[in-house]
Amino acid sequence: KLHSDLDKGVGTVKYTLSGDGAGTVFTIDETTGDIHAIRSLDREEKPFYTLRAQAVDVDTKKPLEPESEFIIKVQDINDNEPKFLDGPYVASVPEMSPVGAYVLQVKATDADDPTYGNSARVVYSILQGQPYFSIDPKTGVIRTALPNMDREVKEQYQVLIQAKDMGGQLGGLAGTTTVNITLTDVNDNPPRFPKSIFHLKVPESSHVGSAIGRIRAVDPDFGQNAEIEYNIVPGDGGNLFDITTDENTQEGVIKLKKPLDFETKKAYTFKVEASNLHLDHRFHSVGPFKDTATVKINVLDMDEPPVFSKPTYTMEVYEDTPVGTIIGAVTAQDLDAGSSSVRYFIDWKNDVDNYFTIDATEGTIATNELLDRESTAQYNFSIIASKVSNPLLTSKVNVIINVLDVNEFPPEISVPYETSVCENAKPGQVIQTVTAADKDLSPAGQRFSFRLSAEDSNKPNFTVHDYRNNTAGIETRRNGYNRRQQELYFLPVVIEDSSYPVQSSTNTMTIRVCRCDSDGTILSCNVEAIFLPVGLSTGALIAILLCIVILLVIVVLYVALRRQKKKDTLMTSKEDIRDNVIHYDDEGGGEEDTQAFDIGALRNPKVIEDNKIRRDIKPDTLRFPRQRPPVEDNTDIRDFINQRLQENDVDPTAPPYDSLATYAYEGNGSVAESLSSIDSLTTEADQDYDYLNDWGPRFKILADMFGEEESYNPDKVT
């Protein structure tokens with residue numbers, strides 16, 4: 001309720017309300033100032049409201065007092081039950097845990113005001129799950145309530161937990177949740193065999209390493225606590241067998257470690273021990289975590305193939321042994337009761353097996369061809385033995401035959417046959433160390449000896465020093481060598497081996513004299529380098545050679561061009577001149593006859609220089625339409641020729657295509673200038689041919705022809 005001291009109760013004061021929830025949650029009587037809630041309040045939704053009130057004059061609408069602020073606080077009641085926000089819960093605890101072992105802590109939340117009354121005070125209790133577990137009423141911690149709970153008896157437990165507010169008093173609200181508790185396994189049970197004796201029957205033909213039986217011990221534990229290790233107890237018969245654990249089934253797999261033979265022993269007895277791999281020291285007092293059982297194995301008789309006396313056979317034979325020579329034998333027996341005869345034969349796989357034969361009854365091996373160790377040093381093949389009574393029962397053995405060497409090849413030098421010596425070498429200087437190689441298979445301790453041939457042992461240039469360790473040194477005998485006098489020396493070296501019979505060979509070494517520096521480093525071994533200055537390096541010599549090659553190429557190209565140009569000269573002999581003059585002097589059919597001679601031979605040389613298109617080959621360009629200018633009547637022959645000449649000069653496809661164009665024009669440098677009649681005088685009377693006598697013997701025939709004609713016809717025709 002709001003009230004102003006200025007309110008006399010006559011209705012002159014009006015009360016207003018503003019702030020949180022004004023008009024929606026709270027309302028005020030404008031006349032009396034009473035404040036009312038117009039809907040239900042929830043403290044958990046909003047615990048308090050801040051409002052502002054003011055008294056206003058009804059007539060003037062002016063405040064009578066300053067605006068005042070006040071807070072409405074919502075008082076809590078117990079209207080919310082406790083809730084387990086994380087439920088339902090899942091927990092685990094090891095089996096055999098002691099009383100009071102921690103399992104899990106649960107927590108319930110009450111939305112009521114914890115500062116007002118007991119509305120939010122929660123107490124925990126177990127509704128279902130006793131007497132196995134207990135819970136702390138205040139903290140909600142769940143613990144075991146019974147000792148030695150066994151997982152193998154019961155593994156899963158479901159516990160119902162209640163949380164009640166008001167401190168658990170009557171009238172309080174409650175909430176529940178479920179806790180699923182699992183007992184985890186511990187290794188508290190040893191493995192046990194379900195029976196004390198296991199009987200197995202095994203054929204004697206079982207392969208080594210194969211599984212011949214399984215036994216199993218039972219362990220009620222789970223996971224790694226149930227993993228079992230099996231071992232054979234040392235004793236009678238146990239050394240022929242082995243046992244391993246199948247990780248999936250935890251069974252003991254008995255395997256054969258050695259072959260069985262019914263004729264030798266028909267039964268075996270041994271003990272197998274099963275034990276846990278992961279032990280828990282807390283349960284050692286229970287007893288040993290292992291168990292023992294007896295395994296009896298009866299060997300079954302089987303019809304077996306023959307058995308060779310050795311797993312492999314190794315034989316030796318000298319190369320070139322005569323065909324048919326026996327080099328060894330193999331032996332196989334039938335060990336079954338009622339022994340059967342055995343037959344032998346070679347397992348033919350390739351042509352290598354054809355080198356040997358075997359006696360089918362005795363098993364003796366003999367050569368079938370001549371052997372060569374240098375071609376094949378070892379032969380490897382298989383021999384099969386089968387029973388006569390049952391040919392399908394066979395066994396196989398591997399035979400290795402090593403071909404022994406007969407000394408038939410002489411030793412040879414194994415290093416390059418060429419070496420070098422410095423010009424400034426001193427006597428006794430080693431210029432090369434040589435070794436020997438022999439194509440024969442050298443036996444252990446074979447020695448090679450080195451020496452000079454008898455005819456070269458007294459020469460003063462080089463000698464051979466045998467180091468007696470299968471190597472020798474080439475040494476100098478004189479002080480210095482001169483390349484100008486002799487560049488190459490040939491040194492015969494005789495090499496002998498120590499096998500029987502002794503083989504020897506003469507190997508000629510080439511020794512080249514080279515120029516070296518003071519330290520013995522080779523500078524040059526080429527013959528050309530003798531005549532070059534001492535100070536020139538290899539790079540400088542290469543540069544000089546390149547320059548010489550380039551100059552030679554330039555000279556060759558220049559000479560070739562000059563020869564080509566000389567071939568293109570207009571006239572090359574007297575016969576050419578005579579032929580051209582006779583052809584040129586052929587009279588045509590008049591001005592109108594344009595087909596009697598090739599007008600293209602008279603084209604202007606200056607136009608040719610401007611137009612560089614070649615006329616001695618057919619051009620690849622497109623043909624241009626030929627434009628022929630109209631010729632007027634009474635046109636001078638000179639204008640006609642010039643028009644035709646210009647037309648052919650601008651047409652790139654015009655003939656001729658032969659070499660006529662190259663010598664039809666004599667050239668600007670000719671002493672006689674042009675021979676064309678276009679630039680000649682009007683009449684032959686004006687011609688003076690005496691100058692032809694001054695041109696030399698090549699024009700003598702032409703001068704005589706024109707001189708005789710002038711003397712024969714003194715009267716000039718006009």
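Biologist: Which cysteine forms a disulfide with cysteine 422?

Modeller: This is a predicted model, in which local features need pLDDT of at least 70 and side-chain atom pairs count only at pLDDT 80 or more, while totals for chains, interfaces and linings use all residues. Residues are numbered from 1 along each chain as its sequence is written, and side-chain values use heavy atoms, with hydrogens and water left out. A disulfide here is a pair of cysteine sulfur atoms within 2.5 Å, and the sulfur atom of cysteine 422 lies 2.1 Å from that of its partner, cysteine 516.

Biologist: How many residues apart in sequence are the parts that this pair, cysteine 422 and cysteine 516, ties together?

Modeller: Strands are DSSP runs of E with at least two residues, and helices are runs of H or I with at least four, numbered from the N terminus. Because cysteine 422 lies in strand β30 (residues 418-422) and cysteine 516 in strand β36 (residues 504-516), the parts tied together are apart in sequence by 94 residues.

Biologist: Is cysteine 525, the partner of cysteine 514, buried, partly exposed or exposed?

Modeller: Buried means under 20% relative accessible area, exposed over 50%, and partly exposed in between, with a 1.4 Å probe and protein chains only. Cysteine 514 is buried at 0%, whereas cysteine 525, at 22% relative accessibility, counts as partly exposed.

Biologist: What handedness does the link of cysteine 514 and cysteine 525 have?

Modeller: The sulfur atoms of cysteine 514 and cysteine 525 are 1.7 Å apart. With 110 degrees about the S-S bond, their link is right-handed.
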